[in-house]
Amino acid sequence: MFLIFALITLVGALLMFRLKNLITAGLSLVLCFIGIAGLFLLLGNPVAAALQIIVYSGAIVVLVLFVIMLLASHEEEKPEKPRGIQRWGSAVTVSALGVGAIWIVKNSKILASPTTPNVDPMTLNRLGASLFREHLVGFEIAGLLLLAAMIAAVSLVKREL
Amino acid sequence: MDQLSALLHMSPATLWMAFKVVLVFAGPLTLAALMTWVERRGSAMIQDRIGPNRAALFGKWRLMGLPQLAADGIKAFMKEDLVPPHAHKFLFWLTPILAFLPAALGFAVIPFGQSFQSGGQTYHLSLLDPGNGMGMLYPLAIGATAVYGVLVAAWSSNNKWAILGGMRASAQMVSYELGMSLAVISIFMTTGGYDPHQIIAAQHGMWNVGPQFVGFLVFFTCMFAETNRLPFDFAEGESEIVAGYFTEFGSMKFALMYLSEFIHLVTASALIVTLYFGGWRVPFVANPGVLLSVAAFLGKTLFFCWVFVWVRWTLPRFRYDQLMKMGWKVMLPLSLANFLFHAFLMFRRG
Amino acid sequence: MTPTQAFLSGNLQAYILVALLLFVIGLATVLIRRSLLIQFMGVELMLNAANVALLAFARFRGGDVQGTVFYLFIIAVAACEAAVGLAIVVALYRHKQTTDSDRADSLRQ
Amino acid sequence: MAVIVKQVELSWLDRTYFWPIFKGMVITMRHFLRQITTRTKDRYTVQYPDMKREMPEGYRGLHELKRFEDGAIKCVACFMCAEACPARCITIQAEEFSDLNLTQGFEEKRPAIFKIDMLRCIYCGYCEEACPKDAIWLRKDYDLAAYDRLSMQFGKWDLMNTYADADQKDRITMDPSPSTQTKAGLE
């Protein structure tokens with residue numbers, strides 16, 4: 001099961017990276033998110049899985065696709081100039097980072113130490129209790145942040161206020 | 001049950017699961033097929049017409065137009081499967097699946113009858129047993145992915161009407177999900193849990209529709225938007241944009257998308273029944289038993305399916321700005337007010 | 001269970017590896033692709049890599065409620081980012097008729 | 001001519017949407033219940049091939065060439081109808097007829113061929129008005145259809161038999177032979 005979902009996730013992400021067409025890239029991002037939701041399920045966290053689907057695939061990517069359709073820029077534009085140094089430089093950096101990451105994971109002793117996972121699944125009740133008892137300030141700040149972002153988005157896009 | 005499972009060399013749990021999978025898949029599908037009939041005949045009756053009644057089994061039995069379903073299915077199979085030029089072939093082929101899957105999956109957590117015990121084991125009449133941690137979040141999540149069927153259909157068919165329909169649908173579904181989720185959350189709050197079994201158990205004395213009437217109205221209205229039914233069927237909008245997102249779809253692709261709309265309808269009715277009308281509960285009967293409870297659930301669901309059809313043939317389509325205004329300025333504040341009111345009540349009660 | 005089997009059936013190492021790979025792919029998308037919308041999706045991917053790592057640690061190292069609460073906050077941040085980022089992209093498109101990040105360089109003189 | 005549209009001020013009850021929607025739903029439900037409780041034959045819809053609408057008096061449908069009791073044709077081939085026809089769809093060939101023993105014994109002509117091209121006929125009824133002998137009537141049949149053009153050419157015998165079933169008369173395919181009885185009576 002883990003392998004299947006991990007493969008779905010990684011294939012979705014790679015497709016998103018490779019596909020020239022913005023809409024298909026967005027859809028492969030959805031595939032990747034569904035894989036991540038599956039991983040969350042395997043981690044015994046169905047609440048996070050449901051939220052992943054509801055918020056990420058159901059709202060954010062839909063919004064991105066909506067904007068793509070609205071702007072009628074369905075394909076990536078031709079590059080203005082090659083900018084070879086930047087492209088190859090970032091490719092090398094990224095691959096170095098990737099290799100380093102794999103090396104770290106492989107040789108890390110903390111990660112490799114066998115642990116027994118917590119087994120009882122997450123429920124909304126436990127999550128809510130913790131959120132509103134211990135993290136109330138964080139919750140309020142997140143609410144403020146969302147409000148500020150909403151106002152910012154409206155003021156950026158609306159032509160005449 | 002035990003004897004039967006011994007006969008088939010399966011554990012009772014496996015047998016029961018297989019049985020439930022078949023039931024949960026075939027039940028809504030059958031109901032949806034029936035609903036297409038109800039929609040056509042019912043709309044005809046509402047408009048003082050007769051409706052389709054010419055198709056006959058073996059040229060003899062008309063059965064009030066029911067063979068029309070078979071005739072339509074056969075017709076859809078026989079038609080040419082057309083892909084428009086410049087369409088995105090892969091996505092165009094994928095679309096009916098994307099439309100059908102969320103519709104067919106949505107029913108999985110809804111309990112359609114009272115749990116019963118047999119041979120020392122409890123059998124639950126819902127595909128996912130209670131305590132799975134997903135609860136009512138599951139239909140919400142599945143409903144959120146339903147918009148991809150519309151979006152992908154719209155974009156892949158390379159048609160301007162389709163893309164207009166798809167854009168309308170995406171904005172509409174995202175907007176109405178807010179009001180709907182808030183209405184559902186106030187039910188979670190008053191129930192103290194979010195498992196459908198728990199929600200039904202909490203409606204023992206009184207159905208949720210009594211104390212949460214405003215929430216019910218909001219949820220019901222949002223369900224019209226989520227299922228793309230008539231007062232809000234902007235994705236289709238046949239008088240303005242031909243047939244909206246499935247303009248280019250023909251033959252069995254069209255049939256699947258059409259059918260998935262009706263499965264959405266059935267699932268939406270089942271959700272309404274579960275959340276607000278006590279699920280399988282029968283009034284004044286504490287322990288209805290399996291058969292009666294399933295019948296009650298079926299009856300309530302069919303009633304709400306009929307209400308969907310009824311409303312569709314009563315109301316004209318809204319204008320798009322009216323829809324958006326309604327979603328953000330009426331539905332969201334109303335369900336927020338409902339939520340705050342119940343929070344206040346619970347706070348007062350301690 | 002050998003370490004390889006444990007890895008393939010999903011232990012902490014495997015989850016962290018998936019998270020890291022997701023992060024790297026997201027970073028590559030932001031650095032190499034030029035369309036702002038795709039770069040935006042890359043940012044989302046990086047946030048999700050953080051989510052996967054967070055929830056995996058929460059599961060295998062205890063305290064999964066805290067992990068999920070943080071996951072909620074990350075979702076909130078991602079939603080803000082989506083709203084503001086898309087608004088900026090739309091404003092840019094209105095201004096310059098492009099969503100290419102290389103062409104939106106009027107500050108660079 | 002400009003029409004001044006009166007702005008209707010909605011009451012608060014109407015502005016809630018829910019009350020008007022409820023009223024509308026009551027109306028549609030009333031129609032639904034009325035329709036499913038009426039019997040099929042009382043409904044507005046006429047189920048055409050099975051049921052036919054009774055046409056009003058004065059309807060002009062398919063033609064009939066009238067005949068006497070003994071089966072002799074009333075038409076005397078005077079060509080008035082053919083002249084009156086604006087669509088020129090009537091073709092008549094007259095023949096001499098001097099057998100004085102039939103009902104119409106005092107006539108001398110009858111049509112040998114009387115043909116109406118139903119594809120051209122406009123059912124205006126002028127032939128009926130022009131006929132001095134009341135021999136051609138336009139009656140109530142309206143479901144006139146055929147699979148080829150040729151079968152829409154109605155000949156003399158077709159036209160005489162068009163309403164034979166409806167009037168419970170025999171179908172005839174030839175002119176009656178002179179009967180000796182009437183011959184004796186006349187003499």
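Me: How many residues of chain A are in contact with how many of chain B?
Reply: In this predicted model, the contact brings together 24 residues of chain A and 25 residues of chain B.

Me: And how much area do chain A and chain B bury between them?
Reply: Chain A and chain B bury about 2100 Å² between them, and carbon and sulfur atoms account for 81% of that area.

Me: Which elements of chain A give two or more residues to the side that touches chain B?
Reply: Those elements are helix H2 (22-42), helix H3 (46-71) and helix H6 (124-133) of chain A, and the largest share of that side, 13 residues, comes from H3(A).

Me: What is that side made of, by class?
Reply: The side of chain A that touches chain B has 17 nonpolar and seven polar residues, with no charged residues.

Me: Switching to chain C, how many residues does the contact with chain A take?
Reply: It takes 83 residues from chain A and 74 residues from chain C, and the area buried between these two chains is about 7100 Å², of which carbon and sulfur atoms give 71%.

Me: Which residues in chain A lose the most area to chain C?
Reply: These are A:Phe2, A:Phe17 and A:Leu43, which together make up 10% of what that side buries.

Me: How many polar pairs and salt bridges are found across the interface of chain A and chain C?
Reply: Eleven residue pairs are in polar contact across the interface of chain A and chain C, both residues being at pLDDT 80 or more, whereas the rule finds zero salt bridges there.

Me: Which helix of chain A gives the most to the side that touches chain C?
Reply: H3(A) gives the most to that side, with eleven residues, and by class the side of chain A that touches chain C has 55 nonpolar, 14 polar and 14 charged residues.

Me: New topic: what elements are in chain D, and in which order?
Reply: Chain D has six helices and five strands, and from the N terminus on they run α-α-β-α-β-β-α-β-β-α-α.

Me: What share of chain D is buried, and what is its accessible surface?
Reply: Of the 187 residues in chain D, 32% are buried, and the accessible surface of the chain comes to about 13100 Å², with 55% belonging to carbon and sulfur atoms.

How values were computed: Residues are numbered from 1 along each chain as its sequence is written. Chains are lettered from A and ligands numbered from 1 in the order in which they are written. This is a predicted model: local features need pLDDT of at least 70, side-chain atom pairs count only at pLDDT 80 or more; totals for chains, interfaces and linings use all residues. Side-chain values use heavy atoms; hydrogens and water are left out. Helices (H or I, at least four residues) and strands (E, at least two) are DSSP runs, numbered from the N terminus. Buried means under 20% relative accessible area, exposed over 50%, partly exposed in between (1.4 Å probe, protein chains only). Accessible areas come from the Shrake-Rupley method with a 1.4 Å probe; for residues, only the protein chains shown count as cover. Contact means heavy atoms within 4.5 Å. Buried area is the accessible area (1.4 Å probe) that two parts lose on being put together, summed over both. Ala, Val, Leu, Ile, Met, Phe, Trp, Tyr, Cys and Pro count as nonpolar, Asp, Glu, Lys and Arg as charged, and the others, Gly among them, as polar. A salt bridge is a side-chain nitrogen of Lys or Arg within 4 Å of a carboxyl oxygen of Asp or Glu. A polar contact is a pair of N or O atoms within 3.5 Å; within protein, one must be able to donate a hydrogen and the other to accept it, and residues adjacent in sequence count only if both atoms are side-chain atoms.
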